[in-house]
Amino acid sequence: MRFVSTALVTALGLSVAACGANTANRTVYSERQPVVTRTHFVLDVNTAGSGSLSAGELERLAGWLDALELGYGDRVSIDDPGYSAGASARGAVEALAAQKGLLISELAPVTEGNVPSGTMRVVVSRSTAEVPGCPDWSHRSHTDFQARTSENYGCGVNSTMAAMIADPEDLVRGQTRDGEDQAEASKAIRAYRAKAKQAGGL
């Protein structure tokens with residue numbers, strides 16, 4: 001198993017973050033912004049011969065996925081440039097991912113190294129968010145009169161947001177409404193308003 005990490009910086013406050021380390025921040029914008037890091041975990045499974053996974057390979061794949069503790073926000077994809085995997089092998093990966101409540105992504109990310117002949121690469125992409133350099137109490141021991149925002153300003157709020165967000169990549173790309181069923185999405189709101197009217201409220 002190998003993994004590769006890449007960092008994605010959120011767009012919030014980039015203009016402030018561009019200021020030099022010694023430049024006083026005299027705005028109400030925080031220089032401390034969440035940084036999203038994406039890690040790709042890869043496992044090559046043998047599909048030589050029938051194009052399907054043997055019982056041993058299937059057990060190895062299941063154990064690997066269990067060890068990664070898949071959850072919301074993780075993305076599972078299949079990289080098979082040699083088309084050595086059949087529908088049975090792909091179906092096995094889809095079934096294991098479905099047990100974790102995940103779907104298989106259509107496109108696999110670029111990973112290090114070539115996929116060996118007769119194998120299929122399973123890629124798990126995971127993103128994490130954190131605010132580097134927090135907390136920062138570098139000016140706590142003395143007082144200056146530069147009328148600037150503290151270096152620690154924003155650490156609490158942004159660190160909490162980075163820790164609580166379910167899918168860290170939402171900090172980079174956000175969510176789209178493409179294909180969303182508005183009638184279904186507003187079902188809970190309609191039910192709440194109908195109940196409130198019956199009770200003499202809204």
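The following questions and answers concern a predicted model of a protein chain.

Q: How many helices and strands does the protein chain have?
A: Along the sequence, the elements of this predicted model follow the pattern β-α-β-α-β-α-β-β-α-α-α. The secondary structure comes to 6 helices and 5 strands.

Q: In which strand is the place of S77?
A: Strands are numbered from the N terminus. The strand that holds S77 covers residues 75–79. This element is strand β3.

Q: Is S77 buried or exposed?
A: A residue counts as buried under 20% relative accessible area. The relative accessibility of S77 is 2%, so it lies under that cut-off. Among the residues that S77 touches are I104, L107, P109 and V122. S77 therefore counts as buried.

Q: What percentage of the 202 residues of the protein chain count as buried?
A: The same cut-off, under 20% relative accessible area, applies to each residue. For the 202 residues of the protein chain, the share that count as buried is 33%.

Q: How many nonpolar, polar and charged residues are in the lining of the second largest pocket?
A: The second largest pocket has a volume of about 210 Å³. Its lining includes Y72, V76 and L102, as well as G73, D74 and R75. In this classification Tyr, Val and Leu count as nonpolar, Gly as polar, and Asp and Arg as charged. By class, the lining has 4 nonpolar, 3 polar and 3 charged residues.

Definitions and conventions
Residues are numbered from 1 along each chain as its sequence is written. This is a predicted model: local features need pLDDT of at least 70, side-chain atom pairs count only at pLDDT 80 or more; totals for chains, interfaces and linings use all residues. Side-chain values use heavy atoms; hydrogens and water are left out. On a 1 Å grid over the protein atoms alone, a cavity is a set of points where a 1.4 Å probe fits but cannot get out, and a pocket is an open set with protein on both sides within 12 Å along at least five of seven lines; lining residues have an atom within 4 Å of a point. Grid points are joined across faces, edges and corners, and a volume is the space filled by probe spheres set on the points. Helices (H or I, at least four residues) and strands (E, at least two) are DSSP runs, numbered from the N terminus. Buried means under 20% relative accessible area, exposed over 50%, partly exposed in between (1.4 Å probe, protein chains only). Contact means heavy atoms within 4.5 Å. Lists of a residue's contacts leave out its neighbours within four places in sequence.
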